[in-house]
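I opened this notebook page to look up charged pairs and the surface. My entries follow the model shown here.

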Amino acid sequence: MNSYPNANNRDDGEKTNDCALGKAVLVSDPAVRYVAVLRDGHLSTTAHPHRLDSSSAESDRYEERLVNPTVLTIIGNRGTIDCGGLTYVLVRYGNFFQLVHPLAGGHLSVCIEPDADTPCVIRTIQQVLKV
C-alpha cells in the first residue's frame, strides 16, 4: 500500500473490474454518493450526479491519491502493532461520511450521505466486497 506501480502495468480487464466494482458499490445503497477505486496507480471514480454538498472533482483526486493512502498506511501500521489489524477507516466530514477500505494494491473510497444508517451501509458495501 505504500507505493503504486505504474498504471500501465494493468491490463484492460483489471481496469474494467475496478470500474464494475465502483458501480456495484454505488448502486448498493441509495446513501452512497461517490465511489473511487485506486489500485496499482489507476484511479476509477463514479458518482451520482447533482448531489448537494459534494466536494470538487479536483479535491477528490488529491484525496484518493494522497490523503487516503497515507491514512491507511499510518492507521494500518498502528493497527498491526497490537490492535488486530485494520478493516476500514471512517471519517466524518461536515457534509458526509467517507469510508476508506483497503484493497490489494490500493483502496476503495466511498462517500456516504450524512443522515445514512452508516453501519448498515458499511455492511452492505462489505457484502459487495465479499469481506
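This is a predicted model: local features need pLDDT of at least 70, side-chain atom pairs count only at pLDDT 80 or more; totals for chains, interfaces and linings use all residues.

Residues are numbered from 1 along each chain as its sequence is written, and side-chain values use heavy atoms, with hydrogens and water left out.

I then searched for salt bridges (a side-chain nitrogen of Lys or Arg within 4 Å of a carboxyl oxygen of Asp or Glu) and the count came to 3. Asp 18 pairs with Arg 39, with the closest N and O atoms 3.0 Å apart; this links helix α1 (residues 12–26), which holds Asp 18, to strand β1 (residues 32–39), which holds Arg 39, across 21 residues.

Arg 33 and Glu 113 form another salt bridge, at 3.2 Å from N to O, and they lie 80 residues apart, with Arg 33 in strand β1 and Glu 113 in the loop between β5 (106–112) and α3 (118–129). I noted Glu 113 as buried at 16% relative accessible area and Arg 33 as buried at 5%.

For Asp 82 and Arg 78 I found a salt bridge with closest N and O atoms 2.5 Å apart; they are separated by about one helical turn because they are 4 residues apart in helix α2 (residues 57–82). Asp 82 is exposed at 56%, whereas Arg 78 is partly exposed at 43%.

Terms used:
Helices (H or I, at least four residues) and strands (E, at least two) are DSSP runs, numbered from the N terminus. Buried means under 20% relative accessible area, exposed over 50%, partly exposed in between (1.4 Å probe, protein chains only).
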